[in-house]
Amino acid sequence: MKFSVGYQCTPLPFIEEILCRKDQISEVYFSWADYPNGRNSQLRQKGLSPKEAQARQMEDLGRLSAGGVRLNLLFNAMCYGKDSQSHAFFEGIGETVDTLSAAYGLASITTTSPLIARFIKENFPSLEVRASVNLSIGTVEGMDYVKDVFDSFYAARELNRDLAALRALRKWCDGNGKKLYGLANSGCLNHCSAHVFHDNLVAHEQEIAQMDNGYAFEGVCRAHLRENPRAILERTSFIRPEDTPLYEEIFEGLKLATRVSPVPIRILKAYLDGAYRGSVTDLLEPNHSALFYPDLLENSLLESCVENQRLIYKNYENARIHLED
């Protein structure tokens, strides 16, 4: 299995680790400048001005490109507001893709917008255009509706442990000249009622940060998991590093969410090694380790089994370890 890794502007030796393990990495995906995306702005980094963060990203992309790592550019925000259909917006996207292709080379684009997908296909036909996991496409019909503008799809995260459903999607992709990808380490709740709302907040985070806001929103997952800690196994979709071989014939590659994690190198090593000893919640994005403290859920003590073509995780009680003060 090869992995798609999310770029993070960090003082950690993350780029060095990626280059060292590049034979197992299909690509590095990244957001650019102040374009809204599925996570917080890459330009807002602790200890760095936006100009310094941009300069570091440019240096890192140059190193990755020179090292032969393929690059995937994100236009994966859930909302672009008034710009969504404007001429100026698409001119800006075209200029950005031109500039980044010339400087570093691009292999693919991931987007939530069928309009951006169409624009890329019409103007940059050599680039693979991929439907973002944020679109939650989980049926053959869902892929068929937009097959004219997307070359590949991320499967809805909720299907990750339903091997039969994923095989049906892969069969359709094979028959239609498309590729199928998955997200390995999401900590989001399956079928989260607030997911779209939360993603829209993220898309508008810069505007929201300038307002006198009456409420903060941390997502519903944290409150739910505090009250129902077992739901971390039963109502999420993450795939343990040890179980990625189950997906070799299903996914073209597995995406690792590492863009905002405090431990991106730990995630990278765990999945590339195919084994991990430590708190499984440290591997997830969002990272829920603080909710379990002073306990942790030891990944190596969880039990995996496949029943009726579904991946199931067991042994919660034995895997939950209390940390001594």
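This is a predicted model: local features need pLDDT of at least 70, side-chain atom pairs count only at pLDDT 80 or more; totals for chains, interfaces and linings use all residues.
A charge sits over a ring if NZ of Lys or CZ of Arg is within 6 Å of the ring centre and within 35 degrees of the ring normal. Residues are numbered from 1 along each chain as its sequence is written, and side-chain values use heavy atoms, with hydrogens and water left out.

**Charge over rings**
- Lys255 has its charged end over the ring of Tyr154, 5.3 Å from the centre.
- The charged end of Lys255 also sits over the ring of Tyr29, at 4.8 Å from its centre.

**Aromatic pairs**
- Searching the whole structure gives 14 aromatic pairs (rings of Phe, Tyr and Trp, the latter by its six-membered ring, with centres within 6.5 Å; planes under 30 degrees apart are stacked, over 60 edge-to-face, the rest tilted).
- One of these is Phe30 with Trp32, edge-to-face at 6.5 Å centre to centre and 85° between the planes.
- Both Phe30 and Trp32 are buried (under 20% relative accessible area; exposed is over 50%, partly exposed in between, with a 1.4 Å probe and protein chains only).
- Phe197 and Phe217 also pair edge-to-face, with 5.1 Å between centres and 90° between planes.
- Phe197 is partly exposed at 47% relative accessible area, and Phe217 is partly exposed at 35%.

**Ring cluster**
- Ring pairs join Tyr35, Phe75, Tyr80, Phe89, Phe90, Phe119 and Phe124 into a cluster.
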